[in-house]
Each structure stands twice: as structure tokens, then as C-alpha cells.
Amino acid sequence: MDLQLMEHRVRVTSIDKSGLWFYSHQIVKLLFLRHRTRCKFFSLTESPEDYTLMLDEEAFTELPQSDFLHVADHTWRVLNVLSNGMHTGGVMKVAKSVIAPLAEHNVSVLMLSTYQTDFILVREDDLPLVIKTLLAELTIYKEENGELVRMSLSDVSDNLKVKSMFNVRVHPVQSPANRFCILTLDRDTLPSISTILLDVLFYSHESHEGTAAQDSESFRFFAFSLIDGYISIVMDTEIQKKFPTDLLLTSSSGELWRMVRIGGQPLGFDECGIVAQIAGTLATADISAYYISTFNFDHALVPEDVIDTVITCLLEREKNKSECIAPVLLHQWQT
């Protein structure tokens with residue numbers, strides 16, 4: 001497995017649900033008026049609490065500031081798991097070779113799985129330590145003059161920040177009843193679904209407002225990313241019915257997915273090892289998964305036919321984690 005250090009410098013933000021209207025013009029511009037923006041990294045994820053918007057610094061500087069917008073303190077760099085245009089393995093693939101070594105060095109990561117690949121976001125301050133740690137086992141490339149060039153230890157500063165270790169907390173997880181699909185779309189056909197996409201992003205959530213977070217069976221989750229021209233969409237099967245089936249593309253198996261949501265309270269950005277816990281557990285069980293970090297919580301999508309196995313594995317994880325800081329309960333929301 002090879003990685004690519006992408007040029008993007010990404011900012012991670014949260015938009016209050018009550019303030020999405022304030023950013024509607026900018027979001028529409030980023031989605032549909034590509035000739036009017038230089039943004040090459042755009043990801044918008046709706047969860048019950050808020051909207052997580054990840055975008056490169058060029059686009060971030062165009063966002064109007066307001067009390068609705070919350071911005072993580074750090075700039076993030078992006079490692080792309082090189083593949084052949086099809087997601088293969090997800091966190092299972094990177095658990096032992098990427099996520100675990102970074103957790104051992106107390107490096108906090110965010111993950112963004114898409115239809116095509118997986119992106120691992122690390123704080124820019126941690127980048128020298130990340131590169132030096134991963135070069136021991138992996139090949140990492142960077143782009144120079146339009147070509148991929150292999151990185152070496154000479155690309156890394158000798159002044160590595162020493163990070164103190166601390167016990168990793170086991171967080172509670174939940175499994176809503178939604179059945180999800182993971183799709184892509186030809187960029188040229190994006191205007192064809194613009195009306196539906198805008199309705200889903202800006203209007204259809206109103207019928208769920210005030211109940212989504214408390215619903216004992218399902219909750220609102222929708223993720224759209226447009227990164228370097230590639231589109232990825234995660235939606236539940238009810239929302240999928242709004243879209244024309246001939247434009248949205250999925251794998252030949254048409255597999256459906258269930259979600260495991262990590263965190264009883266907002267996780268924050270300073271704690272490390274959260275992704276490593278879940279990724280390691282799934283890798284040990286040989287379970288492929290998509291993983292999407294948001295501003296407050298993490299979300300793993302697993303094939304629906306193994307959700308019971310995943311729940312069992314996570315129960316065992318909690319049972320065996322004797323150094324857990326606080327008692328943790330696992331809640332499975334019934335279908």
C-alpha cells in the first residue's frame with residue numbers, strides 16, 4: 001500500500017443547523033459554480049447535531065465569519081490511500097500500517113472515506129512526525145511539477161515534536177437503524193441532480209428537525225464530497241429514493257451498509273487513538289468499513305450483514321479494555 005501527501009491544506013469547520021441558510025450561497029457556489037472558485041477539496045456531512053464542512057484554505061478564506069461557524073484551531077494535511085479508483089478495505093486496510101503507528105506516537109487523525117478512496121487527515125504541526133513514522137513501513141509520494149515523487153527522510157525536519165502519551169479512552173457507540181448506500185456520480189451530470197441535492201441539503205431536514213437526535217430507530221446523516229473532481233455520496237435508502245437511479249452509480253454488488261457512531265459526547269480533536277480502536281477491532285475481524293470523521297463524532301459504515309458481528313466485537317473491545325477511564329455502555333438501536 002502506498003500513500004500520497006496531497007497539496008491541500010484543509011480547514012475543518014462546523015456550521016450550526018440554524019445557520020446553514022447563512023452559508024447557502026457559498027455552498028452552492030462551491031458545488032455548482034466551479035469556474036468561480038478554486039476549491040479542490042470539499043466535503044459536507046450532515047449529522048443530527050450540525051454540518052461538518054471540510055475544505056481547502058482557498059475556499060475557507062471565502063467563507064463569511066459568523067456565530068454559526070465553528071473552526072478547528074489547526075490546519076490539516078491530507079494523506080491519500082492510493083488505489084485504482086475503487087474503495088478497497090477502508091480502515092481495515094490502513095489499520096495496522098497507518099492508523100496504529102500514528103496512535104502509538106500520539107498523533108490525532110481524522111478519516112474521510114469516499115467511494116473512490118480513503119483520506120487520512122493529520123494536523124500540519126504533526127506532519128514531520130507522521131512522515132517519519134510511516135516511511136519506516138510505507139512508500140509515500142508527493143506531487144512535484146505534475147508528477148508523483150517518492151518522499152524520503154531527507155524531506156522531514158529533524159526537529160520533531162515529542163508528544164506525551166496518555167491512556168486511550170473507550171467511547172460508547174450507537175448503531176442507528178438506517179440502511180445506507182455509498183454512491184458516486186459523473187461530475188458532468190451533477191447539474192442534473194442539482195435541484196434534488198439542494199432540497200436534501202437545505203430543506204428536507206426540516207421535517208426531521210427536533211426529532212432526529214432523539215429518534216430511537218434512525219437519524220439524519222448525509223455526506224457529499226467533491227475532491228479533485230471525484231464525487232462521493234453517502235445517504236440512507238430513504239433519501240436515495242429522491243434521486244434518479246440512472247445517474248447514481250454504485251458497486252456491482254449494490255451492497256447496503258449499517259452505521260456505528262462513536263462517541264457519547266463530542267470527541268474533540270486532541271484525543272488520539274479513537275480511529276485506531278475502531279479500525280483495529282474491525283481489521284482483526286476482517287471487516288471492511290468506510291470511516292467518516294465529523295466535527296464532533298466519528299462514524300463507521302460496515303456491510304449490513306455483519307452489523308451483529310461488529311457489535312459483538314465492540315462489546316468485547318470494551319470488556320477487555322481494563323484501562324478504560326470511565327465505564328462505557330454500548331447501545332444498539334433496534335431496527
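**A first look at the cores and loops**

The largest nonpolar core here has 44 residues, and L79, V98, I120, L134, I140 and Y291 have the most contacts inside it. A nonpolar core is a set of buried Ala, Val, Leu, Ile, Met, Phe, Trp, Tyr and Cys residues joined through side-chain atoms within 4.5 Å. Apart from that core lies another one, of 36 residues, with I15, L20, F42 and L256 among them.

Keep in mind that this is a predicted model: local features need pLDDT of at least 70, side-chain atom pairs count only at pLDDT 80 or more, and totals for chains, interfaces and linings use all residues. Residues are numbered from 1 along each chain as its sequence is written, and side-chain values use heavy atoms, with hydrogens and water left out.

**The chain as a whole**

- The protein chain has eight helices and 17 strands; these are DSSP runs (helices H or I, at least four residues; strands E, at least two), numbered from the N terminus.
- Out of 335 residues in the protein chain, 54% count as buried, where buried means under 20% relative accessible area, exposed over 50%, and partly exposed in between (1.4 Å probe, protein chains only).
- Its accessible surface comes to about 15000 Å², and carbon and sulfur atoms hold 48% of that; the areas come from the Shrake-Rupley method with a 1.4 Å probe, and for residues only the protein chains shown count as cover.
- Take the contacts between residues at least 6 apart in sequence: 78% of them join residues at least 24 apart. A contact means heavy atoms within 4.5 Å.

**Inside the core**

- Leaving aside residues up to four places away in sequence, V98 touches M1, L3, I120, L134 and L138.
- As a general rule, nonpolar side chains tend to be buried together in soluble globular proteins.

**Two loop residues with positive phi**

- N106 sits in the loop between α3 (91–104) and β6 (109–113). Its phi is near 60°, a positive value in a residue other than glycine, and N106 is buried at 8% relative accessibility.
- D286 is found in the loop between α7 (274–284) and β15 (290–293). Phi of D286 is also near 60°, again positive in a residue other than glycine, but D286 is exposed, at 59% relative accessibility.

**Cysteines**

- A disulfide is a pair of cysteine sulfur atoms within 2.5 Å, and by that rule the count is zero.
- C181 is buried, with a relative accessible area of 4%, while C313 is partly exposed at 22% relative accessibility.
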